[in-house]
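Subject: Structure handover

Hi,

Here is the structure I said I would pass on.

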Amino acid sequence: MADDKDKERNRFSARLRRTAQVGSNLSGAGVAFAANRFFGGDEGDERTARALASALGKTKGPLMKVAQILSTIPDFLPQEYADELSQLQAQAPPMGWAFVKRRMRAELGPDWQDKFASFGQEAAHAASLGQVHRATLPDGREVACKLQYPDMASAVESDVGQLKSLLGMFRRLDGSIDPEEIVVEISDRLREELDYKRERKAMNLYRHMLEEKEFVHIPQPVDELSTDRLLTMEWVTGDPLTVWQDAPQEVRNGIAKRLYWTWWLPMLRYAVIHGDPHLGNYQVTDGGEGLNLLDFGCIRIFPPNFVGGVVDLYRAIRADDFDATYAAYEKWGFKNLNKDLVEILNIWAKFIYGPLLEDRVRSVADGVAPGEYGRKQAFEVRKRLKEAGPVTIPREFVFMDRAAIGLGAAYIRLGAEVNYHRLFEESLEGFSEDAVAARQAEALSKAGLTV
């Protein structure tokens with residue numbers, strides 16, 4: 001099993017190899033970027049974006065994960081880059097059986113196969129940081145074994161440095177957003193995502209936070225078959241949301257309401273969000289009456305006053321109180337604000353809060369495709385920030401924004417028509433920052449998690 005003597009821990013030699021590998025892969029994108037700046041042309045950004053996506057697809061690891069994250073922050077990247085980088089998930093081929101045997105032996109010992117009745121040699125799912133295999137325990141339980149790729153700890157530390165260079169390139173391309181806080185936030189979340197022991201605790205945290213919502217199912221981890229880099233958990237099955245997009249309207253609305261509580265209840269009561277908006281992390285069960293929530297590697301725990309800022313901004317926008325919106329942004333951590341910047345930020349805020357402001361049954365956005373959600377508003381914000389910015393996005397804002405956009409895209413996919421205002425007001429009943437702080441402290445203590 002993994003311990004402090006493990007050779008895969010963060011090592012200088014591994015970081016050096018990783019830096020050379022990533023640097024070589026990115027060099028082609030750098031040449032394309034330089035050519036684009038020199039020769040220009042309408043298709044220049046598209047050529048650079050394709051070169052960058054190709055380079056990152058070869059790196060297989062944290063930097064590819066970063067690219068996927070950046071592509072889902074609609075107010076950050078030029079659209080050509082977001083389109084190309086969003087396709088990277090499909091470019092992560094699984095590691096072979098020889099790797100799997102070595103990894104399982106390292107994590108569970110030479111007799112690891114005796115601990116399973118069967119173990120699938122082919123990966124059921126492969127991503128940027130690891131892959132999942134389906135297995136059966138001797139007692140008949142079906143489980144998912146999530147295996148981390150080799151040397152990921154060293155790769156993260158190397159790729160953090162490459163990330164700074166990459167975001168510097170985007171800033172030169174656009175200049176509307178200062179990426180400094182984004183770098184810090186994504187780097188910290190990447191390090192957490194490699195800690196499978198922390199992910200097990202996060203699963204227990206979500207089980208506690210959502211225990212009153214019986215329609216949500218969180219897979220049960222198998223502690224005795226899990227380590228820092230192997231996470232064994234109950235195998236769950238269900239339908240992807242897309243299967244239900246042609247169901248009767250009432251059924252789709254019910255799914256949307258359950259998605260709402262699954263996301264907003266932990267946020268408003270515990271200051272915790274599930275930060276990965278990928279549609280594959282939700283499964284519909286029980287004929288549309290239940291949900292499986294998956295993948296707890298990207299969980300963001302906020303200071304309670306940050307959630308207070310979320311509520312303050314909602315109330316300020318609803319009251320059309322400019323001074324109160326200004327104060328809410330300051331509470332969130334936006335720096336060096338002025339009247340013009342706040343007016344620009346309000347374009348995005350009114351879009352995000354839009355469904356919550358109107359006391360009526362409505363869609364999230366009429367006539368908008370899931371992949372287009374937020375693009376028009378993001379384009380307008382970035383265009384105006386080029387003149388008035390740059391603005392430094394507070395680190396806490398990154399994953400909240402990303403998750404909110406992902407949830408909105410899911411509602412569009414379902415074609416849901418719900419009174420989101422009444423749902424939000426119901427979830428705000430008895431809200432106070434002190435109550436959130438007390439509930440969060442208790443929940444984190446029970447799960448054994450620290451901020």
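Let's start in a sheet: Thr285 stands opposite Gly290 in strand 10. Four bridges join strand 9 to strand 10 (residues 290–293), and the two run antiparallel. Helices (H or I, at least four residues) and strands (E, at least two) are DSSP runs numbered from the N terminus, and two strands pair if DSSP finds at least two bridges between them. The sheet itself is open, with three strands in the order 6-10-9 and mixed pairing. Strand 6 (216–217) and strand 9 (282–285) are at its edges with a single partner strand each, so one side of each has no neighbour in the sheet.

Before you go further, some ground rules. This is a predicted model, so local features need pLDDT of at least 70 and side-chain atom pairs count only at pLDDT 80 or more, while totals for chains, interfaces and linings use all residues. Residues are numbered from 1 along each chain as its sequence is written, and side-chain values use heavy atoms, with hydrogens and water left out.

Now the overall picture. The protein has 16 helices and twelve strands. Of its 451 residues, 56% are buried (under 20% relative accessible area; exposed is over 50% and partly exposed in between, with a 1.4 Å probe and protein chains only). Taking contacts (heavy atoms within 4.5 Å) between residues at least 6 apart in sequence, 74% join residues at least 24 apart.

The largest nonpolar core contains 116 residues, and Phe116, Leu259, Trp264, Trp332 and Tyr353 have the most contacts inside it. Such a core is a set of buried Ala, Val, Leu, Ile, Met, Phe, Trp, Tyr and Cys residues joined through side-chain atoms within 4.5 Å. Beyond four places in sequence, the contacts of Leu259 include Leu241, Tyr282, Leu291 and Leu407.

Helix 12 is worth a look. At the N-terminal end, Asn338 is the cap: one of its side-chain oxygens lies 3.1 Å from the backbone nitrogen of Asp340.

Asn419 sits in the loop between helix 14 (395–414) and helix 15 (420–427). Asn419 is buried, at 14% relative accessible area, and its side chain reaches the backbone nitrogen of Arg422 at 2.9 Å. Leaving out residues up to four places away, Asn419 touches Glu358, Asp359, Arg360 and Val361.

Two non-glycine residues with positive phi to check:

- Ala271, about 60 degrees, in the loop between helix 9 (249–270) and strand 8 (272–274); it is buried, at 0% relative accessibility.
- Asp295, about 65 degrees, in the loop between strand 10 and strand 11 (299–301); it is partly exposed, at 26%.

Last, Glu142 in strand 4 (residues 142–148) is partly exposed at 38% relative accessibility.

Cheers

Notes. Polar contact = N/O pair within 3.5 Å; in protein donor to acceptor, adjacent residues only side chain to side chain.
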